[in-house]
Amino acid sequence: ASSKTLGFLTGDESPVMMDAHCEAGFTVGLPFAAEGSYDFAASKGSLTGRVSQLGGRMVKHRLTPPPEEAYSLHRKLSGAFLACFKLKANVPCRDMFLSIWNAKQQQQQQQEEADTAS
């Protein structure tokens, strides 16, 4: 439902497209799911190969292009991943993500409290 709301899907996609879309999201999310540091050197072939394969399937079966805003985000994430592969980096992606997420949640909560108080 979120992918439809965000404009990635129309709701009329084939099962092939839905599977590829979901699997690509999970694959790209692997570094953020890993406890501790994610070893980009160890995952280079499997992560890049899988995303490339799924990307080809999505291009073939998609009914609508991704939202325009997603292109710059995808390019930045791809560039960051490629740099990490090249540097054979071990990065605490999950910890970094959760730190940013929690700070944003706290900021939103404080804003809601301030709005309620006024």
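Rings of Phe, Tyr and Trp (for Trp, its six-membered ring) pair if their centres lie within 6.5 Å; planes under 30 degrees apart count as stacked, over 60 as edge-to-face and the rest as tilted. With that rule, F32, Y38, F40, F81, F85, F97 and W101 form one aromatic cluster. The structure holds seven aromatic pairs.

This is a predicted model, in which local features need pLDDT of at least 70, side-chain atom pairs count only at pLDDT 80 or more, and totals for chains, interfaces and linings use all residues. Residues are numbered from 1 along each chain as its sequence is written, and side-chain values use heavy atoms, with hydrogens and water left out.

Take one pair of rings. A pair of aromatic rings is described by the distance of the centres and the angle of the planes. The ring centres of Y38 and F40 are 4.9 Å apart and the planes stand at 80 degrees, so this pair is edge-to-face. Both Y38 and F40 are buried. Buried means under 20% relative accessible area, exposed means over 50%, and partly exposed is in between (1.4 Å probe, protein chains only).

Now look at the cores. A nonpolar core is a set of buried Ala, Val, Leu, Ile, Met, Phe, Trp, Tyr and Cys residues joined through side-chain atoms within 4.5 Å. The largest one has ten residues: A34, Y38, F40, L47, F81, C84, F85, A89, V91 and C93. Helices (H or I, at least four residues) and strands (E, at least two) are DSSP runs, numbered from the N terminus. The largest share of this core, three residues, comes from α4. Another core lies apart from it, with six residues, including L9, A20, L54 and M58.

What does A89 touch, not counting residues up to four places away in sequence? A89 touches Y38, D39, F40, A41 and C84. Here contact means heavy atoms within 4.5 Å.

Next come two helices. Two packed helices are described by the angle between their axes and the distance between the axes. Helix α2 (residues 15-33) packs with helix α5 (residues 93-117) at an angle of about 90 degrees, and their axes are 6 Å apart. Axes are lines fitted to C-alpha atoms, for helices over the stretch in contact, and angles run from 0 to 180 degrees between N-to-C directions. The helices α2 and α5 are therefore roughly perpendicular to each other. Angles under 35 degrees count as roughly parallel, over 145 as roughly antiparallel, 65 to 115 as roughly perpendicular and the rest as oblique. On the α2 side, the contact is made by P31, F32 and A33; on the α5 side, by C93, R94 and F97.

Helix α2 also holds H21. At 16% relative accessibility, H21 counts as buried. H21 is in contact with S3, F8, L9 and M58, leaving aside its neighbours within four places in sequence.

Q53 lies in α3 and is partly exposed, with a relative accessible area of 44%. Q53 and A20 are 33 residues apart in sequence, yet 9.0 Å apart in space, C-alpha to C-alpha. K60 counts as exposed, at 67% relative accessibility.

Finally, find K88 in the loop between α4 and β2 (90-91). Most residues other than glycine have a negative phi. K88 is not a glycine, but has a positive phi of about 55 degrees. At 59% relative accessibility, K88 counts as exposed.
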